[in-house]
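Look at the sequence and the 3D structure below, and keep both in view while reading. The paragraphs that follow go through them piece by piece.

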Amino acid sequence: MKTRIIISLLGVLAGPVGAHEGGHDVRGVVSAVSAQELTVKTNKGSERFALTPETEFVKDGSPATAKDLEESDRVVVHAKKKAGRMEAIKVQSATAKKR
Amino acid sequence: MLLAVLALVLAVVLGAVGAGMALLLRGGISAKVEPTHAEAVIARKLRSLGIPGGYRRLSNPLSISKEVIEAGRAHFADHCAVCHANDGSGQTQMGRNLYPRAPDLRLAQTQQLGDGELFYIIENGVRLTGMPGWGDGTEEGRRASWHLVHFIRHLSRLTPREKLEMEQINPKSPEEWREMQEDQEFLKGKEPANREDAHHH
């Protein structure tokens, strides 16, 4: 019980594990993707994110790579500004539904 | 003779006070400054000396198995990852800002510790660091700590799939749960609500 209380307190103080301080998160649709860069169309416009070897990819709930991203896929991007650019930390995506 | 002893005691006290003052002048009580190399070496040595000899010779009494690793992984995700990160790198907001920093558990400084030493640290914590003592004196608690020892050995072989599973277990605030739910609904096709930027502190 005591353990649970301490952990809960830590959770409240620290926020979620992997939380990125001052991060930038968007939801949108992939409009372009390369090994180095991802462009996402959001309801506010278009945003570009640098992809790095550290970027984590998840597609349809499974671990993935940048190569698995396709135009029109829905994505949730968790990013952080670094060295003057927005670097994607984690990219979650879902395969676009066939029309 | 008495005078010499008093002089020696005085010199030691003055030296300790001087060292303390130097540390305070260097960074006050801030946890932001990096521990000096000497401080880190002394602290590690003191930690090593502080672990009873009997523990140093202990081997993990639990055989390694898929179930043991899974139990250790779930426990680590729920209890340890907030500071140590799911991959053991220590790269979390908490871990990066502790004094001393949460160590990268995959590196030799941790991996070279014996099973019993890791177990002792998990159970008893380390004074004047962010590492709490998790032991609750129960057999169940001890088994959980031994599971963790196996999992710490496994960290360098952690797969993306395992890391993803851990992310589902990591403690989250109600706001984070809501955002995660909304992310999943969006990915499944629901029209997006604007995603607010994260400003976690």
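**A walk through the two chains**

B:Leu128 lies in the loop that links α7 and α8 of chain B. The model is a predicted one, and the backbone at B:Leu128 has a phi near 60°, a positive value in a residue that is not glycine. Most residues other than glycine have a negative phi, and most peptide bonds are trans. Is B:Leu128 buried or exposed? B:Leu128 has 10 other C-beta atoms within 10 Å, and a residue with 12 or fewer counts as exposed, so B:Leu128 is exposed.

Helix α7 of chain B covers residues 115–124. Seven of its ten residues are buried, so α7(B) is largely enclosed by the rest of the structure. These buried residues are B:Asp115, B:Glu117, B:Leu118, B:Phe119, B:Tyr120, B:Ile121 and B:Ile122. The elements that cover them include α3 (53–56) and α8 of chain B. After α7(B) comes B:Gly125, which has a positive phi near 75°.

Helix α8 of chain B, residues 139–154, also packs against helix α4 of chain B, residues 66–84. On the side of α4(B), the contact is made by B:Val68, B:Ile69, B:Ala71, B:Gly72, B:Arg73, B:His75 and B:Phe76. On the side of α8(B), the residues are B:Ala144, B:His147, B:Leu148, B:His150, B:Phe151 and B:His154. Sorted by class, the contact of α4(B) with α8(B) has seven nonpolar, five polar and one charged residues.

B:Met180 belongs to helix α10 of chain B, residues 174–187. B:Met180 has 16 C-beta neighbours inside 10 Å and so counts as partly exposed.

One more backbone feature of chain B is found at B:Pro100. This residue sits in the loop between α5 (93–97) and α6 (108–111) of chain B. The peptide bond from B:Tyr99 to B:Pro100 is cis, with omega near -5°.

Now turn to chain A. How many helices and strands does the secondary structure of chain A have? The count is one helix and seven strands, and from the N terminus the order is α-β-β-β-β-β-β-β. Chain A has 99 residues, of which 30% are buried. Among the contacts in chain A with a separation of 6 or more, 50% are between residues 24 or more positions apart.

The strands can be followed from pair to pair. Strand β1 of chain A (residues 24–33) and strand β2 of chain A (residues 37–42) pair in the antiparallel sense over four bridges. Three residues lie between β1(A) and β2(A), and the two strands form a hairpin. Within this pairing, A:Val29 stands opposite A:Lys41 in β2(A). β1(A) also pairs with β6(A), in the antiparallel sense and over six bridges. There A:Asp25 stands opposite A:His78 in β6(A).

Strand β6 of chain A (residues 74–82) in turn pairs with β7(A) in the antiparallel sense over nine bridges. A:Val76 faces A:Gln92 in β7(A). The hairpin of β6(A) and β7(A) has two residues between the strands, and A:Ala83 in this hairpin takes a positive phi near 50°. What is the sense of the pairing between strand β4 (residues 56–59) and strand β7 (residues 85–94) of chain A? These strands pair in the parallel sense, over four bridges. The bridge partner of A:Lys59 in β7(A) is A:Ser93.

The loop between β5 (62–64) and β6 of chain A holds A:Ser72. A:Ser72 is not glycine, yet its phi is positive, near 80°. With 13 C-beta neighbours inside 10 Å, A:Ser72 counts as partly exposed.

Finally, consider the confidence of the prediction. Chain B has a mean pLDDT of 90, and 91% of its residues reach 70 or more. For the complex, the predictor gives an ipTM of 0.76 and a pTM of 0.79. Where pLDDT is low, the predicted coordinates should not be read in detail.

Note on methods
Residues are numbered from 1 along each chain as its sequence is written. Chains are lettered from A and ligands numbered from 1 in the order in which they are written. This is a predicted model: local features need pLDDT of at least 70, side-chain atom pairs count only at pLDDT 80 or more; totals for chains, interfaces and linings use all residues. Axes are lines fitted to C-alpha atoms, for helices over the stretch in contact, and angles run from 0 to 180 degrees between N-to-C directions. Two residues are in contact if their C-beta atoms, placed from the backbone, lie within 7 Å. Ala, Val, Leu, Ile, Met, Phe, Trp, Tyr, Cys and Pro count as nonpolar, Asp, Glu, Lys and Arg as charged, and the others, Gly among them, as polar. A residue is buried if 20 or more other C-beta atoms lie within 10 Å of its own, exposed if 12 or fewer, and partly exposed in between; C-beta atoms are placed from the backbone. pLDDT is the predictor's confidence in each residue, from 0 to 100. Two strands pair if DSSP finds at least two bridges between them.
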